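Take a look at the aromatic rings and the charged side chains here. The notes below go through them in turn.

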Amino acid sequence: MTKYVGAIDQGTTSTRFMIFDKAGQVVGFHQLEHQQIYPQPGWVEHDPMEIWERTQQVIKGALEKTGVSAEDLAAIGVTNQRETTVVWDRKTGKPYCNAIVWQCTRTKDLCDELSRDGGQDRFRPKTGLPIATYFSGPKIKWILDNVPGVREAAEKGDALFGNIDTWEIWHLTGGPNGGVHITDVSNASRTMLMNLETLDWDQEILDILGIPRQMLPEIRPSSDPKVYGYTHKDGPFGASIPVCGDLGDQQAALVGQTCFTPGEAKNTYGTGCFMLLNTGTSPVPSKSGLLTTLGYKFGDQTAVYCLEGSIAITGALVQWLRDNLNFFESSKQIEALASQVPDSGGIYFVPAFSGLFAPYWRMDARGVIVGLTRFTNKNHICRAALEATAYQTREVLDAMEKDSGVKLTALKVDGGMVYNELLMQFQADILGVPVIRPVVSETTSLGAAYAAGLAVGYWNDLDDLRKNWAMDKVWEPKMAVEDRERAYKGWLKAVERTFGWVE
């Protein structure tokens, strides 16, 4: 009897395997971090073999901890850090080089070159995306151009590309022994290579970038009753379980938050911060610096689109204060330090470490702290770091309202930072709308589980999922309107100071 659904959640800093029951409650999980590799300024890498090793460990760990057997699982869903690019050998399963992480800026010159002919929005009508270092397409081209032997292998059909979802699913289903090479529409929409209308790879863009089509995975629905494949009996599950759910992490959180109606939005606070607004079954082009992206596609149903505001550095800024400046030992301690001062003492911290993402798309920007005086201390910097997340979210929300014409009445939030009370209250204050945290805040994993469970009939329909959603806490705005606008105006002035730093 299959009692549960499992979700592999492969994130930027860690991997976990979570087990959920019918009510969408967490039965148990196991989580492990992996190494962040910085070969030179602006470059960010992961070791794909380490990620696959961690995936196997967390699956075994969660099953052991909970006493759940693999046979108790109805299906497996996968969710992943998006845009992070792996190219590997079909025969050996070994990557040709480290994965190039979404935050990596090594493709800046390549993106500038692509933008010379037709501007930064050259591919936006087809892909919904500006040309930026963020997306997988330029990263694939960089690997083909710079790693010896890869282009030749790709042309022969021996080199495979995938975002991390594709890498994980290929290994889960057998790897070199018949592993399936697939991705879903949400991940494919982050490559800068997929046409939003056809939901297929765009040959014209592939030709411009010089990417052989045969190295790309097949694009499938996010929840697929036809099943992508089955876990290999020699793999971490030791049994054959359907793998049939796949969503990029932010789209998975949208599904986990049950934002199935146009106009519903969620914000995930992780390494970066990502706000998605469901815009229904046709793509809405952005004029305000947002991304038009795929939300999800369930089986044969029409695909659902979103507007997305992507912010590169939020939780990563807290980690930076912890690891690079040794401000505290645990990320949780930032709240206590920030609470010791009533405000940021007039400073703003703009964490443009990898350039600025939405709504600016300025790859020439770098991080700044402005407004420093002799009065400023460590606590002010901690507070300004938290406030930076809320201000960046406000910029994205303003752009979203402009593009969609929809006025947001409340914001559903999830991710690790939503337990920081000071941040959540400031977020409500600076937005001027209530901020709502659900009971299960691990909505990314939950969304992947929902996609897989729907595919095999573990859950019947979207109403089953909506019934599972429950509210945990609401923060109401308390700041006076004039204070809010004054603080926000200072933030916008600080952001301008980051522009043009990289020549």
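**Aromatic rings.** The model is predicted. A search of the whole structure turns up 24 aromatic pairs. One of them joins Y296 and F298. Their ring centres lie 4.6 Å apart, with 20° between the planes. This pair is stacked, because planes under 30 degrees apart count as stacked. Y296 is buried, at 4% relative accessible area. F298 is buried too, at 6%.

Y458 and W459 are set another way. Their planes stand at 90° and their centres are 4.7 Å apart, so this pair is edge-to-face. Y458 and W459 are both buried.

Ring pairs also build a cluster. Its members are W102, Y134, F135, F274, F357 and W361.

**Charges over rings.** Which residues lie over the faces of Y458 and W469? Two lysines do, as the table shows.

| Residue over the ring | Ring | Distance from ring centre |
|---|---|---|
| K22 | Y458 | 4.2 Å |
| K412 | W469 | 4.4 Å |

**A buried arginine.** R484 belongs to helix α16, which spans residues 481-496. R484 is buried, yet has no salt bridge. Which side chain of opposite charge is nearest to R484? It is E485, 4.6 Å away.

R484 does have a polar neighbour. A polar atom of its side chain lies 2.7 Å from the backbone oxygen of D429. Leaving out residues up to four places away in sequence, R484 touches R394, D429, I430, G432, P477 and M479.

Terms used:
Residues numbered from 1 in each chain as written. Predicted model: local features only at pLDDT ≥ 70, side-chain atom pairs only at ≥ 80, totals over all residues. Heavy atoms only, no water. Phe/Tyr/Trp six-rings, centres within 6.5 Å; stacked < 30°, edge-to-face > 60°. Buried < 20%, exposed > 50% of the residue type's maximum accessible area, 1.4 Å probe, protein only. Lys NZ or Arg CZ within 6 Å of the ring centre and 35° of its normal. Helix = DSSP H or I, 4+ residues; strand = E, 2+ residues; numbered from the N terminus. Lys, Arg positive; Asp, Glu negative; His and termini not counted. Salt bridge = Lys/Arg side-chain N within 4 Å of Asp/Glu carboxyl O. Polar contact = N/O pair within 3.5 Å; in protein donor to acceptor, adjacent residues only side chain to side chain. Contact = heavy atoms within 4.5 Å.
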